[in-house]
Amino acid sequence: MVSITTLLQLILEVLQMMISSTAALNLDLSLIPSGTVIKQIGEALPVSCTVSSSRNATLFWLKDNTRMRSSPSFSNLQYKDAGNYICETTLQEVEGLKKRQTLTLVVEGRPQIKMSKKTSSDGTFKTISCHVEGYPKPAVQWTATGIGTLNNKTEETKYVNGKFSSKIIIAPEENVTLTCTAENQLERTITSLNVSAINIPESDEPDERNNDNRENVNDQAKLIVGVVVGLLLTALVAGVAYWLYMKKSKTASKHVDKDLGNLEENKKLEENNHKSEA
């Protein structure tokens with residue numbers, strides 16, 4: 001039978017081997033900056049994640065638990081850049097050995113406002129929209145001249161990437177001025193818009209959807225112009241090639257006619273010479 005002393009020695013030897021084996025597998029990770037970082041929209045944020053390992057290590061990034069294709073780069077921060085970033089490394093030769101560092105990025109911004117108006121197709125009401133950007137999410141309040149504070153008459157779209165819209169539907173019997181106030185902990189912003197009475201025709205302001213689609217429309221216009229220019233260049237090249245072909249054909253025809261003329265003259269001279277000898 002194995003004595004208790006011998007058994008303890010074996011256990012100590014196994015532990016020492018495990019400790020020495022783990023020590024040989026050096027793996028360290030450094031993320032700068034880390035933790036919670038608050039930045040303003042438009043600012044830059046250099047980010048670096050460095051791995052120190054005795055063996056081959058794999059490095060990758062996740063944003064909000066979704067793996068990223070490349071390392072994050074922030075030269076001009078936008079609201080969509082905010083989120084939880086994880087830099088993680090694993091040893092290729094040792095399963096389960098990994099380290100990770102976390103960066104929680106908060107992008108703040110003062111409220112920005114754009115207002116638009118649109119008359120219904122039947123002309124019975126008008127929709128006034130206040131398009132707001134900012135973080136933390138600004139609180140919106142509507143007021144109007146002659147009406148006072150407008151309560152429980154507005155609706156809001158979803159707040160996505162620091163943007164949302166507050167809309168109000170009215171049918172004014174006289175001209176009014178609507179004021180949209182957006183406020184968060186950074187600033188208070190106020191913008192007004194004149195709205196004519198419902199029976200007075202007026203041009204609508206472009207809404208947020210049109211503004212968002214403007215870039216797509218421009219891209220489509222550029223594509224169409226590119227196709228047209230390509231067709232024109234193709235037609236020009238074909239025209240030049242045809243002109244050169246015709247010019248070459250005419251030149252060759254002239255040479256043939258000239259050669260035929262010389263043959264006929266030679267035949268006539270020979271006939272005349274035969275007649276003279278006779």
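The paragraphs below lead through the nonpolar cores and then the salt bridges of this structure. The model is predicted, so local features rest on residues with pLDDT of at least 70 and side-chain atom pairs count only at pLDDT 80 or more, whereas totals for chains, interfaces and linings use all residues. Residues are numbered from 1 along each chain as its sequence is written, and side-chain values use heavy atoms, with hydrogens and water left out.

In soluble globular proteins, nonpolar side chains tend to be buried together. A nonpolar core is here a set of buried Ala, Val, Leu, Ile, Met, Phe, Trp, Tyr and Cys residues joined through side-chain atoms within 4.5 Å, where buried means under 20% relative accessible area, exposed means over 50%, and partly exposed lies in between (1.4 Å probe, protein chains only). The largest such core has 16 residues, and those with the most contacts inside it are M115, I128, C130, W142, I170 and L178. Two or more residues each are given to this core by β7 (98-119), β8 (126-135), β9 (139-144), β12 (163-170), β13 (176-183) and β14 (188-195); helices (H or I, at least four residues) and strands (E, at least two) are DSSP runs, numbered from the N terminus. The largest share, four residues, comes from β13.

Side chains of opposite charge can pair when their charged atoms come close. With a salt bridge defined as a side-chain nitrogen of Lys or Arg within 4 Å of a carboxyl oxygen of Asp or Glu, the count comes to seven. One of them joins E133 and K163 (4.0 Å, N to O), and this pair links distant parts of the chain, with E133 in strand β8 and K163 in strand β12, 30 residues apart. E133 is partly exposed at a relative accessible area of 30%, and K163 is also partly exposed, at 37%.

Another salt bridge brings together the side chains of E183 and R188 (4.0 Å, N to O); E183 counts as partly exposed because its relative accessible area is 42%, whereas R188, at 52%, is exposed. Salt bridges that share partners also join E88, K98 and R100 into one network. The side chains of E43 and K39 meet in a salt bridge as well (3.5 Å, N to O), and E43, at 31% relative accessibility, is partly exposed.
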